[in-house]
Amino acid sequence: MDHSRHINRAAEILKSSSHTVAFTGAGISVESGIPPFRGENGLWSRYDPTVLDIHYFLKHPAHSWQVIKEIFYDFFGKARPNPAHFVLAEMERRNLLQSIITQNIDHLHQQAGSRRVIEFHGTSHTLRCMRCNRQFLVEQINLDELPPSCSSCGGLLKPDFVFFGEPIPEPARSDSFNEAAQAEVMLVIGSTGEIMPASMLPSMAGEKGATIIEVNVEPSNFSNSITDLFLQGKAAGILKELAQNLALSL
Ligand code: APR
């Protein structure tokens, strides 16, 4: 099928679905200026992922925080949603999308207006004291003094995203698996599908009979296994084409 027929087919499938779930990865935020973790210009080709291992963080909080600040706050904190995020928010308003499960911690889906967003890997938007568990908005914390400490008890503050070696938080984990089980269609956008248990979600949806529509610039681990319809291209462009076919006004 040629590209425009793929887009039309995807729009037909989305229009006839009664429960559509989007599963998003770093690729949806690349056009907001946030590099992916893997592939061209990937963060893991420039930074050692060990700094995001929970044991390393506890042993070397100052160094870990220095890299975390550089990656997730100095630069990405200023990122803004791109058309792909806005189209998903409009689809939700038009009842064409019931939920988003995101692996991303950049809060861009919420900034674009999406309401039902499940953050499978948590968020960089808030920090938590590892001693008294008090939560802070990142804007409330001075990140020029690292590692940041709790103003209530002096404990070490940690971003509220999932470090390697940490469990997926509840209720995000259960909510995500429930949504994946109910999905009639799953729109998989911008993920390599390399990370477990997140990558189990599209696989489980597919096994339960959901139609998997994938948007990516290149094939992923999902493409030749569970994907039913592969829309090759950048997320912003593809979602804008889908929006036109769905007669969404952005
Ligand atoms: N539009 C669509 N897809 C894109 C674009 C784009 N403009 N640019 C890149 N991609 C695709 C890449 O082809 C790749 O498949 O986005 C994907 C990015 O892959 P990863 O960086 O591995 O992102 P993700 O799958 O979300 O990683 C999962 O790994 O490090 C952990 O916790 C981190 O949530 C992250 C998890």
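**View 1. Strands β1 and β7 pair in parallel.** Five bridges join β1 to β7, and the two strands run parallel. T20 has V185 in β7 as its bridge partner. Two strands count as paired if DSSP finds at least two bridges between them. Helices (H or I, at least four residues) and strands (E, at least two) are DSSP runs, numbered from the N terminus. The model is predicted: local features need pLDDT of at least 70, side-chain atom pairs count only at pLDDT 80 or more, and totals for chains, interfaces and linings use all residues. Residues are numbered from 1 along each chain as its sequence is written, and side-chain values use heavy atoms, with hydrogens and water left out.

**View 2. Six strands form an open sheet with parallel pairing.** The order is β3-β2-β1-β7-β8-β9. β3 (117-119) and β9 (229-232) stand at the edges with a single partner strand each, so one side of each has no neighbour in the sheet. From one strand to the next, the twist averages 20°. Helix α6 (residues 172-182) packs on this sheet and touches β1, β2, β3 and β7. The direction of α6 makes about 130° with that of β3. Contact means heavy atoms within 4.5 Å. Axes are lines fitted to C-alpha atoms, for helices over the stretch in contact, and angles run from 0 to 180 degrees between N-to-C directions.

**View 3. Three strands form an open sheet with antiparallel pairing.** Here the order is β5-β4-β6. The edge strands, β5 (135-137) and β6 (157-161), each pair on one side only. The twist averages 40° from one strand to the next. Strand β4 (residues 122-129) is joined to β5 by three bridges. T126 stands opposite L137 in β5. Helix α3 (residues 61-75) lies across β4 and β6, and runs at about 40° to β6.

View 4. A polar side-chain atom of R38 lies 2.6 Å from a ligand oxygen atom. For a polar side-chain atom of N216, the distance to a ligand oxygen is 2.7 Å. A26 uses a backbone N or O atom, 2.8 Å from an oxygen atom of the ligand. Taken alone, the ligand exposes 740 Å², and the protein buries 93% of that. Accessible areas come from the Shrake-Rupley method with a 1.4 Å probe.

**View 5. Q98 sits in the loop between α4 (83-93) and β2 (99-102).** The Q98 side chain reaches the backbone nitrogen of T20 at 2.8 Å. A polar contact of 3.0 Å joins the side chains of Q98 and N95. Such a contact is a pair of N or O atoms within 3.5 Å; within protein, one must be able to donate a hydrogen and the other to accept it, and residues adjacent in sequence count only if both atoms are side-chain atoms. Leaving out residues up to four places away in sequence, Q98 touches S18, H19, T20 and R116.

View 6. P147 is in the loop between β5 and β6. P197 lies in the loop between β7 (185-189) and α7 (200-207).
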